[in-house]
Amino acid sequence: QVQLVESGGGLVQAGGSLRLSCAASGLTFSTFHMGWFRQAPGKERMFIAFISSRSGGTTYYADSVKGRFTISRDNAKNTVYLQMNSLKSEDTAVYHCAAPSAGRVISASSYARASTYNYWGRGTQVTVSS
């Protein structure tokens with residue numbers, strides 16, 4: 001059974017940094033693409049970042065976080081990370097990691113869609129105070 005467990009959220013002042021982690025189990029982690037999404041109260045789940053499987057040589061970011069957030073992975077630890085710098089109050093949300101089904105082909109038109117991903121973590125709260 002695939003499990004994704006996020007950690008590293010918390011309360012931080014605007015301009016600060018946090019690093020989120022997502023520990024995966026029940027899957028051959030290195031073969032899975034991974035994504036990060038966030039959901040603020042009353043809003044839809046929004047794509048944040050994507051990293052390709054294996055070496056993670058392909059990454060994509062939402063325009064709102066480009067240049068501030070970095071996604072990475074450590075296949076030896078079955079973990080994907082989201083380094084968040086220069087945080088803003090509008091980054092406040094619950095952050096979820098997600099994985100598509102094994103072998104799913106991810107295209108430029110699908111990596112940002114929540115429906116592309118089959119497995120989801122429960123999320124970790126990030127609150128940025130201004």
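In this predicted model, a search of the whole structure finds eight aromatic pairs. One of them joins phenylalanine 47 and tyrosine 111. Their ring centres are 5.3 Å apart and their planes meet at 65 degrees. An angle over 60 degrees counts as edge-to-face, so this pair is edge-to-face. Phenylalanine 47 belongs to strand β5, whereas tyrosine 111 lies in the loop between β9 and β10. The pair therefore ties together parts that are 64 residues apart in sequence. Both partners are buried: phenylalanine 47 has a relative accessible area of 9%, and tyrosine 111 has 15%.

Tyrosine 111 also pairs with phenylalanine 50. Here the centres are 5.9 Å apart and the planes are at 40 degrees, so the pair is tilted. Phenylalanine 50 lies in β5 too, and this pair links parts 61 residues apart in sequence. Phenylalanine 50 is buried, at 2% relative accessible area. Phe47, Phe50 and Tyr111 are among the members of one aromatic cluster, which also includes Trp120. Arginine 45 lies over the face of tryptophan 120, 4.6 Å from the ring centre.

Strand β5 (residues 46-51) runs antiparallel to β4, and five bridges join them. Tryptophan 36 has alanine 49 of β5 as its bridge partner. Five bridges also join β4 to β9 (residues 93-99), again antiparallel. There, arginine 38 stands opposite tyrosine 95. Five of the six residues of β4 are buried, so this strand is largely enclosed by the rest of the structure.

The largest nonpolar core has 36 residues. Met34, Trp36, Leu82, Met84 and Tyr95 touch the most other members. Strands β4, β5 and β9 are among the elements that give two or more residues to this core. Methionine 34 touches residues including Ala49, Phe50 and Ile51.

Technical notes: Residues are numbered from 1 along each chain as its sequence is written. This is a predicted model: local features need pLDDT of at least 70, side-chain atom pairs count only at pLDDT 80 or more; totals for chains, interfaces and linings use all residues. Side-chain values use heavy atoms; hydrogens and water are left out. Buried means under 20% relative accessible area, exposed over 50%, partly exposed in between (1.4 Å probe, protein chains only). Helices (H or I, at least four residues) and strands (E, at least two) are DSSP runs, numbered from the N terminus. Two strands pair if DSSP finds at least two bridges between them. A nonpolar core is a set of buried Ala, Val, Leu, Ile, Met, Phe, Trp, Tyr and Cys residues joined through side-chain atoms within 4.5 Å. Contact means heavy atoms within 4.5 Å. Rings of Phe, Tyr and Trp (its six-membered ring) pair if their centres lie within 6.5 Å; planes under 30 degrees apart count as stacked, over 60 as edge-to-face and the rest as tilted. A charge sits over a ring if NZ of Lys or CZ of Arg is within 6 Å of the ring centre and within 35 degrees of the ring normal. Lists of a residue's contacts leave out its neighbours within four places in sequence.
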